Amino acid sequence: MNPSSQIAMVILAAGASKRMGEPKQLLLWGDSTLLEHSIETALDVSANHVYLVLGANYKTLKSKIESRPVEIIYNPDWEKGLGKSISKAVTHLKNSNLKFDGVLFLLADQPFITSDYLEQMIGAFKPKKEQIIATSYVDGENGVPVLFDAVYFTELEALNEDKGAKQILKHHKQKVEILFSGTKNIDLDTQTEYVHAYQAKFKK
């Protein structure tokens, strides 16, 4: 990556965790929480700016991470789903005084994604080449984290539902590059998934 290029890292954490039964962002992960772990992972990357999209349980989550050097974006329409959080984030980036060459989205409930892998994604990015860099998992799925060139900001800003950016990936599939994460695609949506992941990580 050109060291002078600007990459915004955006952690998406606005959901209500209905299937979990409690805010999963605050579930313990080692000595911290899932949300704090995702923030630290992002901050360990040599990207320029880290943003956090919050929605449900906004005041509670904000109070837990106010000391962290991340910029919080509030999504009051979080119930509309992931696409709306992406849209809010991109609108915020476009309205800032900074000019970004791309945006890297990651989720707060993917604790096995490492800062080294995110560095690999950013290292593969070449500004103004219309790249989309998505993640492949050992179970064959492709998805988040995903890095979009700024040329896609208008399409990302137009998202308004819970499918995230999948339709953009499909529409521009010839532009999509896949990097292998070396992990399973584990989104922690239920207590069972969380317990299994925690035990796999910390109960060896």
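Biologist: Which element gives the most to the lining of the largest pocket?

Modeller: Strand 8 does, with 5 residues. Please note that this is a predicted model, in which local features need pLDDT of at least 70, side-chain atom pairs count only at pLDDT 80 or more, and totals for chains, interfaces and linings use all residues. Residues are numbered from 1 along each chain as its sequence is written, and side-chain values use heavy atoms, with hydrogens and water left out. Helices (H or I, at least four residues) and strands (E, at least two) are DSSP runs, numbered from the N terminus.

Biologist: What is a pocket, and what volume does the largest pocket have?

Modeller: On a 1 Å grid over the protein atoms alone, a pocket is an open set of points with protein on both sides within 12 Å along at least five of seven lines, whereas a cavity is a set where a 1.4 Å probe fits but cannot get out; lining residues have an atom within 4 Å of a point. Grid points are joined across faces, edges and corners, and a volume is the space filled by probe spheres set on the points. Here the largest pocket has a volume of about 1200 Å³. Its lining has 42 residues, and Leu-82, Leu-107, Asp-162, Asp-187 and Asp-189 lie nearest its centre. Elements that give two or more residues to this lining include strand 1 (7-13), helix 3 (82-95) and helix 6 (166-171).

Biologist: How many residues of each class are in the lining of the largest pocket?

Modeller: Ala, Val, Leu, Ile, Met, Phe, Trp, Tyr, Cys and Pro count as nonpolar, Asp, Glu, Lys and Arg as charged, and the others, Gly among them, as polar. The lining of the largest pocket has 20 nonpolar, 10 polar and 12 charged residues.

Biologist: How many cavities of 30 Å³ or more does the structure hold?

Modeller: There are 2 of them, and about 60 Å³ of space lies in the largest cavity. Among the residues that line the largest cavity are His-37, Leu-106 and Pro-111. Helix 1 provides the largest share of that lining, 3 residues. By class, the lining of the largest cavity has 4 nonpolar, 4 polar and no charged residues.

Biologist: Which residues are buried in helix 7?

Modeller: Buried means under 20% relative accessible area, exposed over 50%, and partly exposed in between (1.4 Å probe, protein chains only). An α-helix has 3.6 residues a turn, so residues three or four places apart point the same way. In helix 7, the buried residues are Tyr-194, Ala-197 and Tyr-198. Seen down the axis, they fall within an arc of 100° (taken from the directions from the helix axis to the C-beta atoms), so they line one face of helix 7. The face turned away from that buried side carries the exposed residues Thr-192 and His-196.

Biologist: Where is Pro-145 found, and what joins it to Val-144?

Modeller: Pro-145 is in strand 8, and a cis peptide bond with omega of about 0° joins Val-144 and Pro-145.

Biologist: What is phi of Asn-57, and where is this residue found?

Modeller: Phi of Asn-57 is near 55°, a positive value in a residue other than glycine. Asn-57 is found in the loop between strand 4 (49-54) and helix 2 (58-65), and is partly exposed, with a relative accessible area of 36%.
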